[in-house]
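Have a go at each task before reading on.

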Amino acid sequence: MKRVPEGGVTLNPDDTAAVFEIYIKTTPERLWEAITDNETRAKYNFGVGVESDWSPGSPYEGRHAQAGIAIAEGENLEVDPPRRLVQSFNALWSDDVKAEGTSRVTWEIEPVGDDSCRLTVLHDHLREGASDEIYGGWPMILSGLKTLLETGESLTTPGSLRYSQASAA
C-alpha cells in the first residue's frame, strides 16, 4: 500500500477508487447547501469555491478566488438534492494532475437519526497507480466541512495553509 502524504489515506497501487466516510451533526439540507454553495465550499475546501447551476448535465468549475485560478472542472452527472451528487472530475492545479484524466466523485448523504448525517465520498474511475494528489486532500476537506458545520469555524490543515500561502504570494 502507498501512503498519501498529509492525508492519511491508503490506496493499493491497483485500486481505482478511494472511499471516505464521515458523520456530521447537521441536516441533509444543510449539508447539501454546504457542498453546493460557492462561498460556503470555499471555507472548507482550501479557498476553492465551486460554481454551477447544479442541474444534471451542467458544468461546474472549482476556482480559487484569491489566487484567480481554476483548480478543477467537470460535469454534474447526477443531481438528487439533498441525497446524491455525482460529478466527473478533472484536476487542473498542475500538469501532473491534468495528465491523470477524468475521474468521478460521488457524494452520498444519508440522515442518521434526527440531527446527523453520514456523508460518503467515493472518488473512483481513477487510473491504476493514480497520483496521490488526486484523492489525498479528501480527509482534510471533509474534516474542514465537519468542523465548519458543527462549530461555524474554519479548520487549519496542511492543505489550507498551502493554498493560503500561495494566494498571499
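**Aromatic rings, step by step**

Trp-107 has a relative accessibility of 1%, so this residue counts as buried. Keep in mind that you're looking at a predicted model, with a mean pLDDT of 88 for the protein chain and 87% of its residues at 70 or more. Residues 1-8 are the stretch to treat separately: their pLDDT is below 50.

**Exercise 1.** Work out how many aromatic pairs the whole structure holds, and classify the one formed by Phe-20 and Trp-138.

*Solution.* Searching the whole structure turns up 2 aromatic pairs. For Phe-20 and Trp-138, the centres are 6.5 Å apart and the planes make 35 degrees. Stacked needs under 30 degrees and edge-to-face over 60, so an angle in between is called tilted. Hence the Phe-20 and Trp-138 pair is tilted.

**Exercise 2.** Are Phe-20 and Trp-138 buried or exposed?

*Solution.* The cut-off for buried is under 20% relative accessible area. Phe-20 comes in at 8%, so Phe-20 is buried. Trp-138 has 7%, so Trp-138 is buried too.

**Exercise 3.** Classify the pair of Trp-107 and Trp-138, then say what the pair ties together.

*Solution.* The ring centres of Trp-107 and Trp-138 lie 5.4 Å apart with planes at 80 degrees, so this pair is edge-to-face. Trp-107 belongs to strand E8 (residues 103-112) and Trp-138 to helix H5, so parts 31 residues apart in sequence are tied together.

Key
Residues are numbered from 1 along each chain as its sequence is written. This is a predicted model: local features need pLDDT of at least 70, side-chain atom pairs count only at pLDDT 80 or more; totals for chains, interfaces and linings use all residues. Side-chain values use heavy atoms; hydrogens and water are left out. pLDDT is the predictor's confidence in each residue, from 0 to 100. Contact means heavy atoms within 4.5 Å. Rings of Phe, Tyr and Trp (its six-membered ring) pair if their centres lie within 6.5 Å; planes under 30 degrees apart count as stacked, over 60 as edge-to-face and the rest as tilted. Buried means under 20% relative accessible area, exposed over 50%, partly exposed in between (1.4 Å probe, protein chains only). Helices (H or I, at least four residues) and strands (E, at least two) are DSSP runs, numbered from the N terminus.
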